[in-house]
Amino acid sequence: MTTPTDLYPSRGATEISVPRQDPVVWGSPDVPGPLATGDLRSYERDGFLAIDQLIAPDEVEVYRQELDRLIGDPAIRADERSVIEPTSQEIRSVFEVHRISEVFASLVRDERVVGRARQILGSDVYVHQSRINVKPGFGASGFYWHSDFETWHAEDGLPHMRTVSVSIALTENHDTNGGLMIMPGSHRTFLGCAGATPEDNYKKSLQMQDAGTPSDEALTKMAGDYGIKLFTGRAGSATWFDCNCMHGSGDNITPFPRSNVFIVFNSVDNAAVEPFAAPVRRPEFIGARDFMPVK
């Protein structure tokens, strides 16, 4: 198969900035779905959409109990899909959770979730990545500033920006416990990071981002241009955000845990090819190669 033209070069000798070449909302606003026309316009403008309550409190409890069951299972801890905090030795993330757990698989298929992804991307969708993130209190580390698309393009081979993520809170997001931060409007500029991708980079990057990290100078300029939005909200709230948003989160040094389920939907018309800037593909539990639509 011929590799498509690389619209978003990255991991070269120097850092580069190029305008987005793809739509933000691929679907027609006339197509009915869970998102109102005004929501789609807001998402297109800002690159994200916050929803105060995507799932009800009784549903939150079901998913939180399932999260606790998974992170307490020794077999899950030993699985390569689990990422362990290097300092505390606690589970940080469990990947491919929609395949490990039927409870989370049902959430992926929920029309409140997948229906919004189809509206934004204008097509059937498949799960490029899913995981639960656990930020227990007293020192869980954050995720440094990055664009997911930069990694998914360079290391997984996603050709276009036709991918959307949803982070669903399973605990309350305070303004102090390491919540998600996004630079509104940053999705319209692609920042190609400097430096080659090491082989098996994912083993290090899942604990601490290195390759694919923007420079301080670029982040300072983007923050000045776009500002920074911190997301707070009760358990059951959700944030949808474009794959190219510059985002990150801080450490959680409070006593209050912050956990969420994170689902990445990609258009079936944007299936992954060979990586654009990495020696080998990442494992399928991080970057799926099963492009079967969610039904």
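Which residues of E13 point one way, and which point the other way? Arg-258, Asn-260, Phe-262, Val-264 and Asn-266 point one way from the strand, Ser-259, Val-261, Ile-263, Phe-265 and Ser-267 point the other way, and all of them are buried (under 20% relative accessible area with a 1.4 Å probe, protein chains only; exposed is over 50%, and partly exposed is in between). This is a predicted model, so local features need pLDDT of at least 70 and side-chain atom pairs count only at pLDDT 80 or more, while totals for chains, interfaces and linings use all residues. Residues are numbered from 1 along each chain as its sequence is written, and side-chain values use heavy atoms, with hydrogens and water left out. Helices (H or I, at least four residues) and strands (E, at least two) are DSSP runs, numbered from the N terminus.

**The seven-stranded sheet**

- Seven strands make an open sheet in the order E2-E11-E7-E13-E5-E4-E3, with antiparallel pairing; two strands count as paired if DSSP finds at least two bridges between them.
- Strand E2 (48-51) and strand E3 (82-84) sit at the edges with a single partner strand each, so one side of each has no neighbour in the sheet.
- From one strand to the next, the twist averages 15°.
- E2 runs antiparallel to strand E11 (residues 238-242), and four bridges join them. Leu-49 has Trp-240 as its bridge partner in E11.

- Ten of the ten residues of E13 are buried, so the strand is largely enclosed by the rest of the structure.
- In a regular strand the side chains alternate between the two faces of the sheet.
- E13 pairs with E5 in the antiparallel sense over ten bridges, and Ile-132 stands opposite Val-261 in E13.
- E13 also pairs with E7 in the antiparallel sense, over seven bridges. Here Thr-163 has Asn-266 as its bridge partner in E13.

**H5 and H6**

- Helix H5 (residues 102-109) packs with helix H6 (residues 111-121) at an angle of about 45°, and their axes are 5 Å apart. Axes are lines fitted to C-alpha atoms, for helices over the stretch in contact, and angles run from 0 to 180 degrees between N-to-C directions.
- That angle makes H5 oblique to H6; under 35 degrees counts as roughly parallel, over 145 as roughly antiparallel, 65 to 115 as roughly perpendicular and the rest as oblique.
- On the H5 side, Leu-107, Val-108 and Arg-109 meet Glu-111, Val-113 and Val-114 of H6 (contact is heavy atoms within 4.5 Å).
- By type, the residues of this H5–H6 contact divide into four nonpolar, no polar and two charged.
- Eight of the eleven residues of H6 are buried, so H6 is largely enclosed by the rest of the structure. Among them are Val-113, Val-114, Arg-116 and Gln-119.
- Just after H6, Gly-122 takes a positive phi of about 70°.

**The four-stranded sheet**

- A second open sheet has four strands in the order E6-E12-E8-E10, again with antiparallel pairing.
- Its edge strands are E6 (143-147) and E10 (229-230), each pairing on one side only.
- Three bridges join strand E8 (residues 180-182) to strand E12 (residues 246-249), which run antiparallel; Leu-180 stands opposite Ser-249 in E12.
- Helix H7 (residues 148-156) lies across E6 and E12, at about 70° to E6.

**Nonpolar cores**

- The largest nonpolar core has 40 residues, and those with the most contacts inside it are Phe-104, Leu-107, Val-113, Ile-168, Trp-240 and Phe-265. Such a core is a set of buried Ala, Val, Leu, Ile, Met, Phe, Trp, Tyr and Cys residues joined through side-chain atoms within 4.5 Å.
- H6 supplies the largest share of this core, five residues.
- Leaving out residues up to four places away in sequence, Ile-168 touches several residues, including Leu-54, Leu-107, Val-113 and Val-261.
- Apart from that core lies another of 18 residues, among them Leu-158, Phe-241, Cys-243 and Cys-245.

- Arg-11, in the segment before strand E1 (16-19), has a positive phi near 60°. Arg-11 is buried, at 7% relative accessible area.
- Glu-96, in the loop between strand E4 (91-95) and helix H4 (97-100), has a positive phi of about 55°. Glu-96 also counts as buried, at 14% relative accessibility.

How values were computed
Nonpolar A, V, L, I, M, F, W, Y, C, P; charged D, E, K, R; others polar.
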